[in-house]
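Here is a short note for someone opening this structure for the opening look. Please keep the view at hand while reading the points.

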Amino acid sequence: AEKKQAKDYFTTKDGIRWCMVRNQNPSDVDKIRLVGLKSLFAKQLPKMPRSYIVRLVFDRKHESLVLLSSDPSHKGTDDEIIGSICYRPYHDMRFAEIAFCAVNTSQQVSSNNKKESHQLTLPVSGLRAKLMNMLKSRVVTEGIEYFITYADNFAIGYFKKQGFTKAITMPRERFRGLIKEYDGGTMMECYVHPSIDFLHMPEILNAQRDFILQRIRLNAKSHSTVYDPVQKPMVMESNGARQNEYVARAMAIPGVAEAGWTAADIQQTASGGAKDGDRQRSALKTEMLQILKKIDEQQCVWPFRLPVDTTEVTDYLEIIKDPIDLSTIQKRLKKEDYYRTKHLLYTDLMRMVNNCKLYNTSDSSYYECAVQLEEYLKTVFPDEVSKEK
């Protein structure tokens, strides 16, 4: 699938240069690339301590899959490294821990498409996916079955797209004592399926999509059947017969009745009333979901995402009589008509904050997160805060 073009890098079929870098009897080229990796991770992961980055990149047990620039002027410089994933394999336990994943956002990589004899430029998002698929393709040949990583709030979305999940299915005995837990990070896992050709994932997914659409067209009629448009606008007249005619025509449109509409709904809507209450409730629900999404993006919310595990924190319910968390709030908002006003949502969020401050000591990281979240809620719910004063 890949041929070696030179001693210090490989080239994929689509023309992307890559190499493996590790601090084990490194060549002069490897030493330069190790320094370049340190610079890449330090620049793209500014919140990560630089001493920690240096320690892991230069650690002899860690290795990095690196994408290289094909620009000759970048050879031997930090700009030669376009993206990389640094990881530590545990071959005995058949898993690997991903330490860093970063792409130089100021550069893009060009892949040569030989069939069309020109270059295709990959965007940063496509480059990250390509990088992860190349790593999966490599480690599966080494017997690695799982990836484990700790993702911060900004990385969770990326890892989900690459097949990672918060549900840990690998037996914990395999990584207990080997993986360090990090405050503010979410542990995520990815099963590396040995039968999947990760290097050709886009082509496989497109072929599956085309096949499914082809099978749908064998039975579906929506792509071939064109219905006559309603000839006149739906304007109600005082004449009852005319009203019934318009309602009958509207109800005859395929899908209207199946969607739950009735003749009474049509009459009410066409006459300018109705459904206002439903629209207002829908708009309020959408607004509150957007608020929860913004809250979930804050770095300080990691202690609040899930209910407290009372099997581990045995005295929690003795102190906190009315527990609440973000997942419970989200379920209520999505499935139930529970939050009829923003004030009710704000009340539950503040109860969550106050529960955390009540149970934890003021010098703990949990208490600090509660204070930060409380300050953020003041900016999201200014009207509710002003009512309390």
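Helices here are DSSP runs of H or I with at least four residues, numbered from the N terminus. The model is a predicted one.

1. Overall make-up. The protein has 13 helices and 10 strands. Of its 389 residues, 35% are buried. Among contacts with a separation of 6 or more, 60% join residues 24 or more positions apart.

2. A nonpolar surface patch. Look at helix 5, residues 201-219, where Ile212 is found. Ile212 forms a nonpolar patch on the surface with Phe211 and Ile216. Together the three have about 300 Å² of accessible area. Ile212 counts as partly exposed, because its relative accessibility is 48% and that class runs between 20% and 50%.

3. Helix 12. This helix covers residues 365-380. From first C-alpha to last, its 16 residues reach 23 Å, close to the expected 22 Å. Which of its residues are buried? They are Cys369, Ala370, Leu373, Glu374, Leu377 and Val380. These residues cover an arc of only 140° around the axis, so they sit on the same side of helix 12.

4. Lys378 and Glu375 pair at 3.3 Å, N to O. Both lie in helix 12, three residues apart, which is about one turn. Lys378 is partly exposed at 38% relative accessible area, and Glu375 is partly exposed at 43%.

5. Salt bridges across the chain. The count of salt bridges is 13. Arg33 pairs with Glu80, with the closest N and O atoms 3.3 Å apart. Arg33 is in helix 1 and Glu80 is in the loop between strand 4 and strand 5, so the bridge ties together parts 47 residues apart in sequence. Are these two residues buried or exposed? Arg33 is buried at 2% relative accessibility, and Glu80 is buried at 5%.

6. Arg94 and Glu145 meet in a salt bridge of 3.2 Å, N to O. Arg94 is in the loop between strand 5 and strand 6, Glu145 in the loop between helix 3 and strand 9, and they are 51 residues apart. Arg94 is partly exposed at 35%; Glu145 is partly exposed at 26%.

7. A network. Salt bridges also link Asp322, Arg332, Asp348 and Arg351.

8. A buried threonine. Thr186 lies in strand 10, residues 186-191. Its relative accessible area is 15%, so Thr186 is buried. Leaving out residues up to four places away in sequence, Thr186 touches Thr149, Tyr150, Ala151, Ile156, Lys166 and Arg305.

Note on methods. Residues are numbered from 1 along each chain as its sequence is written. This is a predicted model: local features need pLDDT of at least 70, side-chain atom pairs count only at pLDDT 80 or more; totals for chains, interfaces and linings use all residues. Side-chain values use heavy atoms; hydrogens and water are left out. Patches are made of residues with over 30% relative accessible area and no salt bridge: like charges are joined within 9 Å, nonpolar side chains (Val, Leu, Ile, Met, Phe, Trp, Tyr) within 5 Å. Accessible areas come from the Shrake-Rupley method with a 1.4 Å probe; for residues, only the protein chains shown count as cover. A salt bridge is a side-chain nitrogen of Lys or Arg within 4 Å of a carboxyl oxygen of Asp or Glu. Helices (H or I, at least four residues) and strands (E, at least two) are DSSP runs, numbered from the N terminus. Buried means under 20% relative accessible area, exposed over 50%, partly exposed in between (1.4 Å probe, protein chains only). Contact means heavy atoms within 4.5 Å. The expected span of a helix is 1.5 Å times one less than its number of residues. The arc is that of the directions from the helix axis to the C-beta atoms.
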